[in-house]
Amino acid sequence: MSNSLLEGVFAEVKEPCSLPMLSVDMENKENGSVGVKNSMENGRPPDPADWAVMDVVNYFRTVGFEEQASAFQEQEIDGKSLLLMTRNDVLTGLQLKLGPALKIYEYHVKPLQTKHLKNNSS
């Protein structure tokens with residue numbers, strides 16, 4: 001291929017695209033939280049059952065479990081999955097250190113489950 005032909009191809013690529021850009025957060029769309037943004041608490045839907053995987057990850061990051069939050073992302077734990085987790089799931093299924101896993105379950109997962117049950121039992 002001649003240099004002038006290549007220069008012509010690259011010149012076409014360098015020109016800016018004239019199509020309008022859509023402002024869509026694909027990460028949230030893939031995890032199912034697009035359209036659930038009508039009432040938010042700290043960037044998340046108030047009911048954990050509506051949380052996307054990244055909502056769960058961000059929740060654990062904001063409550064001080066930065067290192068452990070990635071385990072929820074790796075295991076693709078969304079809000080519905082989080083509400084179904086047992087103590088054993090958190091202690092063994094996420095491959096976390098025992099101390100943080102116990103705190104995550106006792107101080108976060110269990111209270112979220114209890115609150116969700118109270119709000120949806122009536």
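Student: What should I know about the model before reading any value from it?

Tutor: It is a predicted model, in which local features need pLDDT of at least 70 and side-chain atom pairs count only at pLDDT 80 or more, while totals for chains, interfaces and linings use all residues. Residues are numbered from 1 along each chain as its sequence is written, and side-chain values use heavy atoms, with hydrogens and water left out.

Student: What is the average pLDDT of the chain, and which elements have the lowest and the highest mean?

Tutor: On pLDDT, the predictor's confidence in each residue on a scale from 0 to 100, the chain averages 79, and 67% of the residues score at least 70. Where pLDDT is low, the predicted coordinates should not be read in detail.

Student: Why is helix 3 called roughly antiparallel to helix 4?

Tutor: Axes are lines fitted to C-alpha atoms, for helices over the stretch in contact, and the angle between N-to-C directions runs from 0 to 180 degrees. The axes of helix 3 (residues 53-62) and helix 4 (residues 66-74) come within 8 Å and cross at roughly 165°. Angles under 35 degrees count as roughly parallel, over 145 as roughly antiparallel, 65 to 115 as roughly perpendicular and the rest as oblique, and therefore helix 3 is roughly antiparallel to helix 4.

Student: Which residues make that contact, and how do they divide into nonpolar, polar and charged?

Tutor: Helix 3 contributes Val 53, Met 54, Val 56, Val 57, Phe 60 and Arg 61, and helix 4 contributes Glu 66, Ala 69, Phe 72 and Gln 73. Ala, Val, Leu, Ile, Met, Phe, Trp, Tyr, Cys and Pro count as nonpolar, Asp, Glu, Lys and Arg as charged, and the others, Gly among them, as polar. On that scheme the residues of the contact divide into seven nonpolar, one polar and two charged.

Student: What makes helix 3 largely enclosed by the rest of the structure?

Tutor: Buried means under 20% relative accessible area, exposed over 50%, and partly exposed in between, with a 1.4 Å probe and protein chains only. Seven of the ten residues of helix 3 are buried, so this helix is largely enclosed by the rest of the structure. The buried residues are Val 53, Met 54, Asp 55, Val 56, Val 57, Tyr 59 and Phe 60. Met 54, for example, has a relative accessible area of 9% and is therefore buried, and its C-alpha atom is separated by 9.5 Å from that of Gly 79, 25 residues apart along the chain. Over the chain, buried residues make up 31% of the 122 residues.

Student: How do you know that Phe 65 is buried, and what is Phe 65 in contact with?

Tutor: Phe 65, in the loop between helix 3 and helix 4, has 11% relative accessibility and so counts as buried. Leaving aside neighbours within four places in sequence, Phe 65 is in contact with Phe 60, Pro 100, Lys 103, Ile 104 and His 108. The C-alpha atoms of Phe 65 and Pro 100, 35 residues apart along the chain, are separated by 7.8 Å.

Student: Why are Glu 76 and Gln 95 called exposed?

Tutor: Glu 76 lies in the loop between helix 4 and helix 5, and its relative accessible area of 59% therefore makes it exposed. Gln 95 lies in the loop between helix 6 (87-93) and helix 7 (98-120), and at 72% relative accessibility it likewise counts as exposed. Phi of Glu 76 is near 55°, a positive value in a residue other than glycine, and phi of Gln 95 is also near 55°.

Technical notes. Helix = DSSP H or I, 4+ residues; strand = E, 2+ residues; numbered from the N terminus. Contact = heavy atoms within 4.5 Å.
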